[in-house]
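Visitor: I'm new to this one. Can you walk me through it?

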Amino acid sequence: MTPPSNSGSDSVSTPAAVPVRLVLPADPLLGTPGQEVVARLWKRQQTPAGWLYQVGLPAYRNSKDGDVEAAEYRVWVRAPEHVRPVDGVDYDQVDTELLQKTPQSTARELLGERRPSGWVLQKLRDDRGPARSVLHTPDCEEAPPGAPVVDLNRALDTAEHAGTRLCVLCGCAAELTPLLKGFDRIGDAGADDS
């Protein structure tokens, strides 16, 4: 297997394979220790789990007419666990695919990790008057442990009750108030609704 060649002066150059040391595993069945062999590095690819290198190992194969011919066996291996550089080799020319940022990863970088979805209701009782409650986000320090998580519609229905307040410590009030009072009245959150 040979790399494709360029057939024109105006074509883009094809990255070339370069030597790299491949760390082979020990074989307990044969009693051989781990060893390093020189292989050809064809491609590097960055993944969320780390780097993968596509290396080509010299091998033999049988041809259709029964002869034995030289061949190359290509395999993806993890770097740096399975490969070592060869002194003096420039690896800048190797075809390299960097991990592309997804819109989700960009948003996560800008906004941070998302909180768990839903809301939890903390029921408060005192001896005077009707039962009262507080809505929290599930990860709020003030939320009762083990309380069931409710969805948005149930949280909005609960928030409309006179005895329910929205926690300001965890951001529940900031999330639900615009939905209850309208986005144009966010600044009037403490004002009378009449």
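Guide: Here is a short tour, one topic at a time.

Visitor: What kind of model is it?

Guide: This is a predicted model; local features need pLDDT of at least 70, side-chain atom pairs count only at pLDDT 80 or more, and totals for chains, interfaces and linings use all residues. Residues are numbered from 1 along each chain as its sequence is written, and side-chain values use heavy atoms, with hydrogens and water left out.

Visitor: How many helices and strands are in the chain?

Guide: Three helices and ten strands. Helices (H or I, at least four residues) and strands (E, at least two) are DSSP runs, numbered from the N terminus.

Visitor: What pattern does the chain follow along the sequence?

Guide: It reads β-β-β-β-β-β-α-β-β-β-α-β-α.

Visitor: And what share of the residues is buried?

Guide: Of the 194 residues in the chain, 24% are buried. Buried means under 20% relative accessible area, exposed means over 50%, and partly exposed is in between (1.4 Å probe, protein chains only).

Visitor: Let's do helices. At what angle do H2 and H3 pack?

Guide: About 75°, with the axes 11 Å apart. H2 covers residues 152-159 and H3 covers residues 172-181. Axes are lines fitted to C-alpha atoms, for helices over the stretch in contact, and angles run from 0 to 180 degrees between N-to-C directions.

Visitor: What does that angle make H2 relative to H3?

Guide: Roughly perpendicular. Angles of 65 to 115 degrees get that label; under 35 is roughly parallel, over 145 roughly antiparallel, and the rest oblique.

Visitor: Which residues make the contact?

Guide: H2 brings Leu152, Ala155, Leu156 and Ala159. H3 brings Leu176, Leu179 and Leu180. Contact means heavy atoms within 4.5 Å.

Visitor: How many of those are nonpolar, polar or charged?

Guide: Seven are nonpolar, with no polar and no charged residues. Here Ala, Val, Leu, Ile, Met, Phe, Trp, Tyr, Cys and Pro count as nonpolar; Asp, Glu, Lys and Arg as charged; the others, Gly among them, as polar.

Visitor: Which residues of H3 are buried?

Guide: Cys172, Ala173, Leu176, Thr177 and Pro178. Their cover includes H2, S8, strand S7 (119-124) and strand S10 (164-166).

Visitor: What does Leu176 touch?

Guide: Leaving out residues up to four places away in sequence, Leu176 touches Trp119, Leu135, Leu152, Ala155, Leu156 and Leu166.

Visitor: How many residues are in the largest nonpolar core?

Guide: It has 15 residues. Trp119, Leu135, Ala155, Leu166, Cys167, Cys172 and Leu176 have the most contacts inside it. S7, S8, H2 and H3 each give two or more residues to this core. A nonpolar core is a set of buried Ala, Val, Leu, Ile, Met, Phe, Trp, Tyr and Cys residues joined through side-chain atoms within 4.5 Å.

Visitor: What about a second core?

Guide: A separate core of 14 residues includes Leu22, Val77, Val83 and Tyr91.

Visitor: Back to H2. Is Thr158 buried or exposed?

Guide: Thr158 sits in H2. Its relative accessibility is 12%, so it counts as buried. Beyond neighbours within four places in sequence, Thr158 contacts Leu121, Leu135 and Thr164.

Visitor: And Ser133, where is that?

Guide: In strand S8, residues 132-136. Ser133 counts as buried because its relative accessibility is 10%. Not counting residues up to four places away, Ser133 touches Leu121, Gln122, Lys123, Leu124, Gly163, Thr164 and Arg165.

Visitor: New topic. How many disulfides?

Guide: Zero, by the rule used here. A disulfide is a pair of cysteine sulfur atoms within 2.5 Å. For Cys140, the nearest cysteine sulfur belongs to Cys170, 3.8 Å away. For Cys167, the nearest is also that of Cys170, at 3.7 Å.

Visitor: Are Cys140 and Cys167 buried or exposed?

Guide: Cys140 is buried, at 9% relative accessible area. Cys167 is buried too, at 3%.

Visitor: Where is Asp139 found?

Guide: Asp139 is in the loop between S8 and strand S9 (149-150). Asp139 is partly exposed, at 46% relative accessible area. Setting aside neighbours within four places in sequence, Asp139 contacts Arg115 and Pro116.

Visitor: Last one: which strand holds Trp76?

Guide: Strand S4, residues 68-79. Trp76 counts as partly exposed, at 35% relative accessibility. Leaving aside neighbours within four places in sequence, Trp76 contacts Lys43, Gln45, Leu52, Tyr53 and Gln54.
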